[in-house]
Amino acid sequence: MPHLRTIYPRWALALFLALSTAAVSPPGHAIDDYQLPSLGGAATSVSNEEYRLGRAWLRQFRAQAPQWQDPIVNDYVQGLIARLAPHSQLGNLQTTIVMVDNRSLNAFAVPGGVVGINSGLFAFAEDEGAFVSVLAHELGHLSQRHYARGSARAEQTQLPAMAAMLAGMLIAASGGGDAGLAAAMGSQAALIQDQLSYSRRFEQEADRIGLQAMANAGYDPEAMVRMFGAMQRMARLQGGTPPEFLLSHPVSDSRLSDAQVRASQLRVADTYTSNTLYDMMRARALLSIYHNTPQQAASRLAQEDAEEPAQRYLGALIAAHNGQTDSALNTLDQLARELPDYSMLPASAASIALDAQRYDAAITRSQRLLRLSPNYLPAQLVLAEAQLQRDPDAAYNLLREITARHPENPQGFSLLAEAAGRSGDNGWGHLARAEHLQLTGRIDSGIRQLSIAKDAARQENDQQALARIEQRREAFLEYRAALEKF
């Protein structure tokens with residue numbers, strides 16, 4: 001696993017201030033357009049261009065940074081953001097989550113509504129309120145569009161500056177380091193330095209929005225104060241080498257005091273928290289971080305007083321990791337009986353059965369869960385992957401539905417490509433492969449894959465596929481133009 005310095009070097013102080021922004025939501029997209037930005041014609045506003053660049057950045061980031069692929073945790077984070085979003089002044093902005101496989105404390109927000117978290121954020125935040133406080137703060141940056149406001153005095157260079165800063169972060173993600181940043185930034189260095197003077201005000205604004213959102217969503221805003229205190233202690237202990245999040249989001253005494261005063265004045269509506277569920281997600285994160293020494297994950301979870309069901313849950317995951325499938329499934333089934341509202345428990349069991357190549361059990365378990373929670377994506381993905389081994393046509397139909405509802409999910413398109421191939425729908429299979437390639441930043445390969453898809457669709461005389469391929473080719477070419485800004 002790369003060290004955080006490989007991904008976010010010290011100059012991220014400038015980058016993250018610039019990246020903690022958002023655009024207004026772009027024009028609506030039909031479900032089958034995979035929510036790719038419409039790139040035809042001139043942008044109607046700078047905000048639309050921010051959206052385009054932000055989404056292009058996301059694809060490049062996927063291509064270069066280590067991803068943490070965990071549908072269960074992703075669904076959980078999506079749920080937290082969905083709870084906070086109506087209270088975060090985001091308007092119609094649609095958010096997309098990217099999870100980074102890195103043990104260091106970090107979270108960020110990028111124009112276009114991209115919210116990123118490191119697995120290390122779970123490791124640092126010991127309760128759900130603390131974790132939510134970071135999400136609420138980042139949503140505050142998004143809602144206030146801090147990058148656009150910070151660039152207002154340099155309107156003519158705003159978009160080049162944004163492209164350069166996003167490019168700099170990508171260079172960092174791929175290990176380019178400070179020299180790569182300097183080459184990418186060029187004349188934008190002065191603009192970045194100028195924007196740093198806004199840091200304190202922007203941080204306070206994001207705090208204010210985040211604290212209010214937490215209270216309105218039912219979370220105790222005092223959790224943000226506790227999180228700030230923990231961050232401040234960490235910064236003091238680590239001296240000149242704190243995590244990059246603390247370099248880009250410094251916690252001063254005045255900021256801590258201001259948050260404390262504001263939190264004390266807020267009334268919490270319909271108190272909500274689920275530390276048991278959070279601890280289970282934290283267990284998954286710790287197991288990802290300590291994948292070579294899973295017992296270390298268990299020791300840490302126990303030392304930090306995690307809820308007892310979460311410790312048993314982690315024990316089941318470790319048992320499965322060690323090949324003790326029956327023991328793991330028995331523990332998860334017992335937990336599911338005790339906590340019937342937690343869909344992630346039977347989904348975890350289905351996933352373990354899939355990993356053990358018990359395909360029939362994975363299908364049965366997933367279908368049983370989906371009768372209760374029809375659109376639960378983690379269970380749908382397990383079911384589709386298991387059906388690939390038993391009934392490719394059923395997998396194909398399910399994955400068409402999944403990718404229509406989740407057009408930013410690369411895993412869905414990867415599985416769809418395989419299912420289409422096994423079902424004999426080669427034109428659609430190559431199209432799905434092309435979509436996966438563009439979602440992961442490999443647009444040129446995606447365009448070449450579309451040519452293969454076109455040939456296959458012609459051989460099959462599939463006029464519907466041919467029309468769709470031609471439509472997507474135009475979109476891909478325009479999309480490549482956006483990527484070239486990097």
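Sorted by class, the lining of the second largest pocket comes out at 13 nonpolar, 10 polar and 5 charged residues (Ala, Val, Leu, Ile, Met, Phe, Trp, Tyr, Cys and Pro count as nonpolar, Asp, Glu, Lys and Arg as charged, and the others, Gly among them, as polar). The model is predicted, so to speak of local features takes pLDDT of at least 70 and side-chain atom pairs need pLDDT 80 or more, while totals for chains, interfaces and linings use all residues. Numbering runs from 1 along each chain as its sequence is written, and side-chain values use heavy atoms, with hydrogens and water left out.

The pocket holds about 790 Å³ of space. A pocket here is an open set of points on a 1 Å grid over the protein atoms alone, where a 1.4 Å probe fits, with protein on both sides within 12 Å along at least five of seven lines; lining residues have an atom within 4 Å of a point. Volume is the space filled by probe spheres set on the points, which are joined across faces, edges and corners. Of the 28 lining residues, Gln-69, Asp-70, Arg-284, Ser-351 and Asp-355 sit nearest the centre. H19 gives the largest share of the lining, 6 residues.

Helix H19 covers residues 344-355 (helices are DSSP runs of H or I, at least four residues, numbered from the N terminus). In H19, 9 of 12 residues are buried, that is, under 20% relative accessible area with a 1.4 Å probe, protein chains only. Among them are Met-344, Leu-345 and Ile-352. After H19 comes Gln-357, with a positive phi near 65 degrees.

Note on methods. Helices (H or I, at least four residues) and strands (E, at least two) are DSSP runs, numbered from the N terminus. The expected span of a helix is 1.5 Å times one less than its number of residues. Buried means under 20% relative accessible area, exposed over 50%, partly exposed in between (1.4 Å probe, protein chains only).
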